[in-house]
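Please look over the sequence and the structure below.

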Amino acid sequence: INLIGIESPGLTAAQPIAKEIICMIDKKEKLSPNPDFNPYRKGILRFEEQNEEAKRKLVEQDPDYGEIICRCEQVTKKEILQAIDNPLEARSLVSIKYRSRAMMGRCQGGYCQTRIMELLKEKYNYKWNDFLLRGSESYMLTENRSNGVPTL
């Protein structure tokens with residue numbers, strides 16, 4: 001059962017779809033409730049939404065909160081790293097955008113996109129032609145074979 005890629009209309013129908021999938025699985029394999037399951041996902045803490053005292057404490061705990069990556073949306077390095085390190089492994093620029101709000105401001109990533117690409121490059125040893133906008137085959141850059149310089 002593949003439900004990846006359902007967008008707006010699918011979100012509205014998410015609960016009925018989930019109930020239908022549960023019935024389909026239950027016919028093949030008997031399901032039982034997990035009493036330890038926590039249905040609440042802890043989201044990324046938005047630094048911008050904190051008061052000044054909370055911001056100061058966060059920066060003391062982790063200096064990555066003190067580095068703004070996206071000026072327009074005031075998204076910190078820590079928030080980008082949390083988006084990248086989530087259980088779904090955000091690796092494309094759009095997946096990081098949706099999780100952190102980086103690249104959603106007035107410059108549309110003109111300032112922060114290259115900084116996010118540098119974080120991915122450091123963390124995963126990406127080559128220039130590994131960067132994807134949305135998914136497979138949506139390459140952001142190609143590498144000039146003669147001089148190794150990335151081009152759009």
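Ile 1, Leu 3, Ile 22, Met 24, Ile 25 and Leu 31 make a nonpolar surface patch of about 540 Å². Patches are built from residues with over 30% relative accessible area and no salt bridge, with like charges joined within 9 Å and nonpolar side chains (Val, Leu, Ile, Met, Phe, Trp, Tyr) within 5 Å. A salt bridge is a side-chain nitrogen of Lys or Arg within 4 Å of a carboxyl oxygen of Asp or Glu. Accessible areas come from the Shrake-Rupley method with a 1.4 Å probe, and for residues only the protein chains shown count as cover. Leu 31 is partly exposed, with a relative accessible area of 37%; buried means under 20%, exposed over 50%, and partly exposed in between (1.4 Å probe, protein chains only).

This is a predicted model, in which local features need pLDDT of at least 70 and side-chain atom pairs count only at pLDDT 80 or more, while totals for chains, interfaces and linings use all residues. Residues are numbered from 1 along each chain as its sequence is written, and side-chain values use heavy atoms, leaving out hydrogens and water.

The chain has six helices and four strands, where helices (H or I, at least four residues) and strands (E, at least two) are DSSP runs numbered from the N terminus. Their order from the N terminus is α-α-α-β-β-α-α-α-β-β. Of the 152 residues in the chain, 27% are buried. The accessible surface comes to about 11,100 Å², and 52% of this surface belongs to carbon and sulfur atoms.

In soluble globular proteins, nonpolar side chains tend to be buried together. Here the largest nonpolar core has 20 residues, and Ile 80, Ile 96 and Ile 116 touch the most other members. Such a core is a set of buried Ala, Val, Leu, Ile, Met, Phe, Trp, Tyr and Cys residues joined through side-chain atoms within 4.5 Å. Two or more residues come from each of β1 (68-70), α4 (77-84), α5 (93-100) and α6 (113-124), and α6 gives the most, with four residues. Leaving aside residues up to four places away in sequence, Ile 80 touches Ile 69, Val 75, Ile 96, Ser 100, Ala 102, Ile 116 and Leu 119; contact means heavy atoms within 4.5 Å.

Rings of Phe, Tyr and Trp (its six-membered ring) pair if their centres lie within 6.5 Å; planes under 30 degrees apart count as stacked, over 60 as edge-to-face and the rest as tilted. Phe 47 and Tyr 65 are stacked, because their ring centres are 5.8 Å apart and their planes are at 20°. Phe 47 lies in the loop between α2 and α3 and Tyr 65 in the loop between α3 and β1, so this pair ties together parts that are 18 residues apart in sequence. Phe 47 is buried at 9% relative accessible area, and Tyr 65 is buried at 6%. The pair of Tyr 124 and Tyr 126 is tilted, with 6.1 Å centre to centre and 40° between the planes.
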